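Subject: Structure handover

Hi,

Here is the structure we talked about. Please open it alongside this email; my notes follow below.

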Amino acid sequence: MKEDLFHLPVKIGDVELRNPFIVASGPTAKRVDQLEMAEKSGWGAASIKQTFNPLPYINYQPRYRWLKKEKLHVFTAEYRLDMEQGLRLVEEARKKCKDLVIIANYSYVAGQDIEGWLEAARRFDAAGAQILELNFCCPNMSFNVDISERAKKDVRPSSGASMGQDEDAVRWVIENTRKVTKLPLIAKITPEGGRISEVSKVAFEAGAAAVCSVANRLGIPTIDVWNYKKPIYNLQGQNTMACLSGPWIKPLALRDVFEIRKLVGPGAHINGTGGVASMEDAVQMMMCGADSIGICTETMVSGFGFLEKWMKSLKDYMKKMGFKSARDIRDLLLSEIKPASELTVWAGYAQVDPKKCSKCGLCVEIGHCNAIVMTNESASIDSKLCQGCSTCIDICPKKAITMTEQKT
Ligand SMILES: Cc1cc2nc3c(=O)[nH]c(=O)nc-3n(C[C@H](O)[C@H](O)[C@H](O)COP(=O)(O)O)c2cc1C
Ligand code: SF4
Ligand code: SF4
């Protein structure tokens, strides 16, 4: 029998996904035709665009920039779904998508008024959502305003990334949501504030089936210093703090997943999200502790069809490495990534191959190195002065420099 290319199952709570790849909540999961395309392209699940109930207090037509060279996506202006739109999307998607697991992503505000969160849970459950994703991560709501107006003492309802740093608020919502629905809950936790692993631990204690490490951070995108009042966006009037995503954030995303896994242990489901743009990125995410993989930016710039290629190369890789399931890959780097205190570095020095050197002089300029001089023939490295740092190897445009190890 022919093997199903897209079969590499993982579970969130008691819900099975045909493979670990999830369209992360965002603009590629706003309409039912997008979800149908994701289903056709073999994805395991899709988390619909955030529903914010009551109606978002910050809602604009989307204004994005994809900074290809920096591999960075930035935006502030975005529109969210209202509750009725979110419910309709889930209902329609459930009718049309048989293999794609539909996840409802929504938020409300923090505080004692829990009813909004619970109403959303009840109604998405009734609409047919298979998993609920509680959004404690969006940086472009109260968190953006809080940071941009740091000195002001305005008290605004805490939501998204401001709320996701607060263990008590997260516990409160999850514990109470657990009482009104049996659906598995994913807590999508912000890395802002540096408490992602602690808040994740609380989310599991409170009854979440999984956490999602959103990875994105709030930052200030490139500014034209000659025209600094004009933002880089088209059709947008002001500079703003922006939500950063795409490959640029992958190292931070891997760290988020690694950190959560280290604290919560092997039993928990972690959805690793942030900067995944290749099969290898996905494998790295699993090796750092992810059970499933969320992808948003890459679906924005490339659509959904790349998954077929990824699955082929993933299956091929797994066969060659002797891995039978996604679980076999998970956590492989957990014991390999050592604390700085346990690092081993051994001696060595760099050497120039005079035949390859073009005498461009770039390596001689390296500010922290006094080992390189230019001779009549080529650059030359004094092995006694060389500390073995590697900068010259990375700088040389001719690949003329190599490292010699002295492992003794
Ligand atoms: C334009 C845009 C809109 C997004 N909207 C949501 C959202 O509504 N809900 C949510 O939980 N995450 C949202 N995200 C975050 C993504 O789901 C994802 O966590 C983040 O972009 C990092 O993954 P990536 O590098 O693959 O994009 C959005 C991201 C982008 C770029
Ligand atoms: S490896 Fe570092 S210290 Fe050694 S020559 Fe190159 S730049 Fe200098
Ligand atoms: S950077 Fe490379 S090519 Fe340029 S001088 Fe140094 S060794 Fe030669």
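A definition first: Ala, Val, Leu, Ile, Met, Phe, Trp, Tyr, Cys and Pro count as nonpolar, Asp, Glu, Lys and Arg as charged, and the others, Gly among them, as polar. Keep in mind that this is a predicted model.

Ligand 3. By that scheme, the shell around ligand 3 has eight nonpolar, two polar and two charged residues. Its members are Cys357, Ser358, Lys359, Cys360, Gly361, Cys363, Met374, Ala379, Cys396, Pro397, Lys398 and Ile401. The space that ligand 3 takes is the second largest cavity.

Ligand 2. Around ligand 2 you will find Ala350, Ile366, Cys369, Ile372, Ile381, Cys386, Gln387, Gly388, Cys389, Ser390 and Cys392. Here the count is eight nonpolar, three polar and no charged.

The sheet. Look next at an open sheet of four strands, ordered β6-β7-β13-β12, with antiparallel pairing. Strands β6 (64–67) and β12 (217–219) are at the edges. Each has a single partner strand, so one side of each lacks a neighbour in the sheet. On average, neighbouring strands are turned by 30° against each other, direction ignored. Inside the sheet, β7 (residues 72–75) and β13 (residues 242–245) run antiparallel and are joined by three bridges. One residue to check there is Phe75, whose bridge partner in β13 is Cys243.

Aromatics. There are nine aromatic pairs in the structure. One of them is Trp43 with Phe306: the ring centres are 5.6 Å apart and the planes stand at 85°, so this pair is edge-to-face. Trp43 sits in the loop between α1 (32–40) and β4 (45–47), while Phe306 belongs to helix α11 (residues 306–321). The pair therefore ties together parts 263 residues apart in sequence.

Best wishes

Technical notes:
Residues numbered from 1 in each chain as written. Chains lettered and ligands numbered in written order. Predicted model: local features only at pLDDT ≥ 70, side-chain atom pairs only at ≥ 80, totals over all residues. Heavy atoms only, no water. Near = heavy atom within 4 Å. 1 Å grid on protein atoms, 1.4 Å probe; cavity = no way out; pocket = protein on both sides within 12 Å on 5 of 7 lines; lining within 4 Å. Sits in = over half its atoms within 2 Å of the grid points. Pairing = 2+ DSSP bridges. Helix = DSSP H or I, 4+ residues; strand = E, 2+ residues; numbered from the N terminus. Axes fitted to C-alpha atoms, helices over the stretch in contact; angles between N-to-C directions. Phe/Tyr/Trp six-rings, centres within 6.5 Å; stacked < 30°, edge-to-face > 60°.
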